[in-house]
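Hi there,

Here is the structure I promised to pass on. Have a look through it first, and my notes on what turned up follow below.

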Amino acid sequence: MEEHQLSAIITFIDFPKAFDLIHRGKMLRILKAYGIPDMLVNAIADTYTDTKAKVLSPDGVTDVFHIAAGVLQGDTLAPFLFIIVLDYALRKAIDGRAEKLGLQTKQRRSRRCPATLVTDLDFADDIALISEEIQQAQALLLRVEEASASVGLAMTAKKTKILAFSQKKQVEITAIDGSQLKVLQDFKYLGSMMSSTEADIKA
């Protein structure tokens, strides 16, 4: 970003216990909306009905308790279900607004060659939102927070961080609850430092 003097703000969202918080009822409705056949949706619904668990601790085994939210840990289908639900939330927040909220990486040349825009980079629940300006980053964050909350995901403002590149004004971004997010000089995303590879080489 800095090498090409691009103006950008990246918001690294933290969803604590994301896989455990997905709203199951909404997950099933999203699967239907995505065109998954009713037979498969019904089979998944049966798998997620009346789920129970118990915990083995040093003091013995706990009583059985019901699990009402989240995808089933260890189930090979669970990551796909989670990704579909998260994809729905991001689409709900961004679709049709990418030009107003995202980072333009390539200018529009003609009607046949529209501008190329990036609004988010995603790997499972590691979400990085990308905008050009402060106002865009603020609007994008609030939209994603709201859409994510509608499917059971709650962002942790304390662990959500900001990286800013080539901004003329001081960057101040706040979460829905009014908490101001911390702006860092560098951030490790998916195992690599974002601003410079020097720290990775020295590690």
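In helix H3 (residues 38–47), the buried residues are Val41, Ile44 and Ala45. They span an arc of only 105 degrees around the axis, which means that they sit on the same side of H3. As for partners, the buried residues of H3 pack against helix H2 (24–33) and helix H4 (78–94). Please keep in mind throughout that this is a predicted model.

**The nonpolar cores**

The largest nonpolar core has 39 residues. Those with the most contacts inside this core are Ile13, Phe15, Met27, Leu153, Met155, Ile173 and Leu181. At least two residues of the core come from each of E1, H2, H3, H4, strand E9 (126–131) and helix H6 (134–149). H4 gives the largest share, with 9 residues.

Leaving aside residues up to four places away in sequence, Met27 touches Ile22, Ile44, Tyr48, Val71, Leu81 and Val85. Ile44 is also one of the buried residues of H3.

There is a second, separate core of 10 residues, and Ala8, Ala128, Ile130 and Tyr189 are among them.

**Aromatic pairs**

How many aromatic pairs does the structure hold? There are 3. One of them joins Phe12 and Phe187, which are stacked at 4.2 Å centre to centre with 25 degrees between the planes. This pair links distant parts of the chain, 175 residues apart: Phe12 lies in strand E1 (residues 8–13), and Phe187 in the loop between strand E11 (182–184) and strand E12 (188–189). Both Phe12 and Phe187 are buried.

Phe19 and Phe82 form another stacked pair, 4.1 Å centre to centre and with 15 degrees between the planes. Here too, distant parts of the chain are linked: Phe19 is in helix H1 (residues 18–21) and Phe82 in helix H4, 63 residues apart. Are the two partners buried or partly exposed? Phe19 counts as partly exposed because its relative accessibility is 23%, while Phe82 is buried, with a relative accessible area of 0%.

Finally, Phe12, Phe187 and Tyr189 form one aromatic cluster. Tyr189 is also included in the second core.

Happy browsing, and do write back with any questions.

Best wishes

Technical notes: Residues are numbered from 1 along each chain as its sequence is written. This is a predicted model: local features need pLDDT of at least 70, side-chain atom pairs count only at pLDDT 80 or more; totals for chains, interfaces and linings use all residues. Side-chain values use heavy atoms; hydrogens and water are left out. Buried means under 20% relative accessible area, exposed over 50%, partly exposed in between (1.4 Å probe, protein chains only). Helices (H or I, at least four residues) and strands (E, at least two) are DSSP runs, numbered from the N terminus. The arc is that of the directions from the helix axis to the C-beta atoms. Contact means heavy atoms within 4.5 Å. Rings of Phe, Tyr and Trp (its six-membered ring) pair if their centres lie within 6.5 Å; planes under 30 degrees apart count as stacked, over 60 as edge-to-face and the rest as tilted. A nonpolar core is a set of buried Ala, Val, Leu, Ile, Met, Phe, Trp, Tyr and Cys residues joined through side-chain atoms within 4.5 Å.
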